[in-house]
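Dear colleague,

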Amino acid sequence: MRQFLSEADIEQIDQTGRRILTTVGIRVLDKQMLDRLRASGAQVEPADGRVRLPDGWIDRQLASAPKRFTLFSRDGQNDLDLGSGQVYFGNGGRAFQILDLATGGFRPTMLRDVANTAALVEQLSHIRFYIIACQAYDLAADAYHLNDFFHALLHTNKHVMGGVDNLEGARQMVELVEAIAGGNDSLRRQPFVSVITNPISPLTIDGDSLKILEFLTGRGIPVTCAPAPISGATAPATLAGTLAQLHAEALAGAALVQFMSPGAPVMYGSVPMAMDLRTMDLAVGSVETAMLNTCSVALAHRYGLPIYASAGLTDAKRPDIQAGFEKGVSNLMLGRAGADFVHLAAGMLDSGNSISYEQYVIDDEIIGMVERLLRGVTISTETLAFECIERVGPGGNYVTEEHTVEHMFSEFFYPKLAVREQYDRWVGRGAPTPLMRAQSVVDKILDEHEHRLDPAAVQGLRSRFPKIVDV
């Protein structure tokens, strides 16, 4: 497979990103952090909050960043071994509307959509982690993150990631998950939640984000500080320029986490996007967005850092052909690049603004196909099958051979939605499309799903946190 970047290209982007940090700098919107950074050897301009980070400073901080760590599931069935070379795909978050295929229109997302999407992810085997999927417009602000994380954890045992908007929200979340874990020591040993923060492109990080990062990492919660530069808007129009700025922002985020909490598990964050500069519309399903994210994997791995990268986005408004080809291309590209943790890969539509239950099921199948491609072809004496070929000989067939029976389930990916049967048989079954089959899967999962927290534990949590609401 032809790579987008040579080693010389990666070197140039890396050096340009570091040059940005040493000469242009980043703006830090927090006076106390500016004082701490100045005392540590960074060059600080108090007038505008600009901080220049010398090469030696960056290297000292990043030296303590773990190269490999685990994001745990609660039942041990879907632990994510980041830095191991494995690629894990998950859904995306913070959408504000949902496509309701029953009406054909969109509606605002509610807390029940957090619960339902978590239940879908729990049952869809190729979606390996759950990111809190959407805004819950029926929640009061003072109980937002408490309920987000509670209903996510109530409906899935998989690792849960979410964003928090303020320090109080971070405190709510930590108190809740420590209660579920049985204390902070247990949570530190096996963190089953993590948190996303975002710097502001170009080259700015606010004080609230820094306070959230320091608080969470101090409690043992893994994090990412993930820039989302947009080529031609909040980053240069050239892909190389966007990558250089992204790299500077991502390195600064990881380094600042280590400065505040040495040894804290942190992912190099990458959410770059492109625009259609003819119309100024976001183009997250574009091949350029996929290329930017693919290239960022090489930049993160240059430092041995696991990466939080993006794929599976589409600008399509429905689960249609456009959604299929945009999602398939980017998921495959990021998988082939070896991205550790691929978010946004399932459930998203409409440039990341919307979700669809049925799209979760369709994307699970796309990811399953990608995972099969990543496994490749196994070459061994057994799989080369010389003895089987010798036994069958010219003119025979392999249908009833024991070798076929032994390998038929391990060697092939069997889709649940794709149409493969003969035309007449397909018509006789009502001519089901993949979307129709996805609707049936959604109904079955949501009808049969059971809670993933013990009822007694749930009762205790509701007593301890009276602002938890039902869906």
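Helix H5 (residues 144-155) has 12 residues that should span 16 Å at 1.5 Å a residue, and its end C-alpha atoms lie 17 Å apart, which agrees; the expected span of a helix is here 1.5 Å times one less than its number of residues. Helices (H or I, at least four residues) and strands (E, at least two) are DSSP runs, numbered from the N terminus. H5 is mostly covered, with 12 of its 12 residues buried, where buried means under 20% relative accessible area, exposed over 50%, and partly exposed in between (1.4 Å probe, protein chains only). Among the buried residues of H5 are Tyr144, His145, Asp148 and His155.

Before going further, please note that this is a predicted model, in which local features need pLDDT of at least 70 and side-chain atom pairs count only at pLDDT 80 or more, while totals for chains, interfaces and linings use all residues. Residues are numbered from 1 along each chain as its sequence is written, and side-chain values use heavy atoms, with hydrogens and water left out.

Helix H12 (residues 357-375) has 19 residues and reaches 28 Å from its first C-alpha to its last, close to the 27 Å expected at 1.5 Å a residue. Because 15 of its 19 residues are buried, H12 is largely enclosed by the rest of the structure. Glycine 376 follows H12 and has a positive phi, near 70 degrees.

The structure holds 26 salt bridges, a salt bridge being a side-chain nitrogen of Lys or Arg within 4 Å of a carboxyl oxygen of Asp or Glu. One of them joins the side chains of aspartate 35 and lysine 31 (3.3 Å, N to O); both residues lie in helix H2 (residues 31-39), 4 residues apart, about one turn of the helix. Aspartate 35 counts as partly exposed at 32% relative accessibility, whereas lysine 31, with a relative accessible area of 62%, is exposed.

Another salt bridge is formed by lysine 467 with aspartate 142, whose closest N and O atoms are 2.9 Å apart. This pair links distant parts of the chain, 325 residues apart, since lysine 467 is in the segment after helix H18 (455-464) and aspartate 142 in the loop between strand E9 (129-131) and H5. Both ends count as partly exposed, lysine 467 at 44% relative accessibility and aspartate 142 at 42%.

Arginine 462 and aspartate 470 also meet through their side chains in a salt bridge (2.8 Å, N to O); here arginine 462 is partly exposed at 29% relative accessibility, and aspartate 470 is exposed at 59%.

Glutamate 214 is found in helix H8 (residues 207-218) and counts as partly exposed at 28% relative accessibility. Its C-alpha atom is separated by 9.4 Å from that of glutamine 258, which is 44 residues away along the chain.

Lastly, Glu382, Glu387, Glu390, Glu402 and Glu406 gather in a patch of negative charge on the surface (patches are made of residues with over 30% relative accessible area and no salt bridge, like charges being joined within 9 Å). Helix H14 (386-392) and helix H15 (402-407) each supply at least two residues of this patch. Glutamate 406 has its place in H15, and at 49% relative accessibility it counts as partly exposed.

With best wishes

Notes:
Patches are made of residues with over 30% relative accessible area and no salt bridge: like charges are joined within 9 Å, nonpolar side chains (Val, Leu, Ile, Met, Phe, Trp, Tyr) within 5 Å. Accessible areas come from the Shrake-Rupley method with a 1.4 Å probe; for residues, only the protein chains shown count as cover. Lys and Arg count as positive and Asp and Glu as negative; His and the chain ends are not counted. The place of a charge is taken as NZ of Lys, CZ of Arg, CG of Asp or CD of Glu.
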